[in-house]
Amino acid sequence: MSSKSGESRKRKKVRIVLLVFTLLICLIAIFMGRYLYCNLHFDKNYMENTLKAGFHEKQVKLRDGSVINYAEGPDGGPALLLIHGQTSAWQDYDTVLPELSKTFHVYSVDCFGHGKSSHDKSLYTCIANGKSLIWFIKNIIKEECYISGHSSGDVITAWIASEVPDIIKGVVLEDPPFFSVTPEEVRDGDGAASWYDGYVIFHDFCTQTSEKDFTLYYLKHSYILGLFGGLQKKIYDSALKYRQKHPNEPVRFTWFPAGYLRVLLYMDYYDPEFGNSFYNGSWMKGLDQEAMLQKIKCPAVYLKASTLYGKDGVLYAANTEDDADKVTRLLKDCRRINVDSGHNIHFEHPDIFISSVEALLKADQ
């Protein structure tokens, strides 16, 4: 009896071990399936929530024939204009648009050279974008407004606020590149990643004729991805295969964390000549950054992301701490918030971004 009982207990233990192992395999399969699915479709929930919140994509033609593409939300309060950064589009704000629309009447635009707005080299200057958006405020928004820019969109935001202070109630500057934006500034010393991973790549693509797909060209020549050794080739090969199977879709990955390459969602609708204007300095033509910042009278919230340097001494940030301090001093009414984040704060920390924009309302009361 004891022998049979022992055998029975062993078989029971084996069954339990097999059951646990099977459940573990199933859980791993579910987790991996969800991980792979989310990498391919991570942005779809954001956009579905944006559309459910009442946003509609529209276009307006200016007197010179140029087109501004934008999304407008429901009338939830005072007007808020969002200006994205380089290689992006209005949709990049999809993580914050639904919540912002509860407090603001939100307008999110495509800058020239991006998305469905005009792709015309003659428009690729800060001032040209700024003048067109001032027209947009006066003729489409038709009221005083708040503005939030990101990266290069911050330079446009600051220019607008300095030129028409009577219609701008407050600005949020999300990790702006002030004093690290002209070709001379980003080449100083060991340089900035924006030079090696942006300006140079844009210029090189525009001056060659053999490759037509800028997204693939970027992945192949990216300075940042090159720091990861053989991983860059794996990313490029995976993107190439995806492109061949889905020629009319943005490049996506099943295995690579989607958030790291979110910018690829909009790169097919980006004109590299816009970036080339940063390389040759024409985008900043006519701008005095110090004078521009000093002219801003409205309250400003300055979101500064982490300042990092690589082992090669290259700046992996929008600007240095010294330049960030300079921005803070030049702005008359500035609240600076340091955020432990990468460059795209509104994606990585949407709650911080939303509360920073809402802080403008409190400052105005």
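The crossing of helices α3 and α4 is right-handed. The model is a predicted one.

User: At what angle do α3 and α4 cross?
Analyst: Helix α3 covers residues 126-141 and helix α4 covers residues 152-163. Their axes come within 9 Å of each other. The two helices are therefore oblique to each other, and the crossing angle is roughly 60 degrees.

User: Which residues of α4 make the contact with α3?
Analyst: On the α3 side, the contact uses Cys126, Ile127, Asn129, Gly130, Lys131, Leu133, Ile134 and Ile137. By class, the contact of α3 with α4 has 9 nonpolar, 2 polar and 2 charged residues. The partners in α4 are Val155, Ile156, Trp159, Ile160 and Glu163.

User: Are α6 and α7 parallel, perpendicular or oblique to each other?
Analyst: Helix α6 (residues 193-206) and helix α7 (residues 214-221) pack with their axes 11 Å apart, at an angle of about 125 degrees. Angles of 65 to 115 degrees count as roughly perpendicular and those over 145 as roughly antiparallel. The angle between the two helices therefore makes α6, relative to α7, oblique.

User: Which residues of α7 meet α6?
Analyst: The crossing of α6 past α7 is right-handed. The contact of α6 with α7 has 6 nonpolar, 1 polar and 2 charged residues. From α6 come Asp197, Ile201, Phe202, Asp204 and Phe205. In α7 they meet Phe214, Tyr217, Tyr218 and His221.

User: Which element gives the largest share of the lining of the largest pocket?
Analyst: The largest pocket holds about 1700 Å³ of space. Of its 47 lining residues, Asp197, Tyr218, Ile224, Tyr260 and His343 are the closest to the centre. Two or more lining residues come from each of α6, α8 (223-226), α10 (264-267) and α14 (345-348). The largest share, 6 residues, belongs to α6.

User: How many residues of the lining of the largest pocket are charged?
Analyst: The lining of the largest pocket includes 25 nonpolar residues. Another 17 are polar. The charged residues number 5.

User: Which element supplies the largest share of the lining of the second largest pocket?
Analyst: About 390 Å³ of space lies in the second largest pocket. Its lining has 18 residues, and Met47, Gln91, Leu265, Tyr266 and Tyr269 are the closest to its centre. At least two lining residues come from each of α1 (2-52), β1 (56-61) and α10. The largest share, 3 residues, is that of α1.

User: How many residues of the lining of the second largest pocket are charged?
Analyst: Nonpolar residues number 9 in the lining of the second largest pocket.

Notes:
Residues numbered from 1 in each chain as written. Predicted model: local features only at pLDDT ≥ 70, side-chain atom pairs only at ≥ 80, totals over all residues. Heavy atoms only, no water. Axes fitted to C-alpha atoms, helices over the stretch in contact; angles between N-to-C directions. Helix = DSSP H or I, 4+ residues; strand = E, 2+ residues; numbered from the N terminus. Parallel < 35°, antiparallel > 145°, perpendicular 65-115°, else oblique. Left-handed = near helix turned anticlockwise from the far one by under 90°. Contact = heavy atoms within 4.5 Å. Nonpolar A, V, L, I, M, F, W, Y, C, P; charged D, E, K, R; others polar. 1 Å grid on protein atoms, 1.4 Å probe; cavity = no way out; pocket = protein on both sides within 12 Å on 5 of 7 lines; lining within 4 Å. Points joined across faces, edges and corners; volume = space filled by probe spheres on them.
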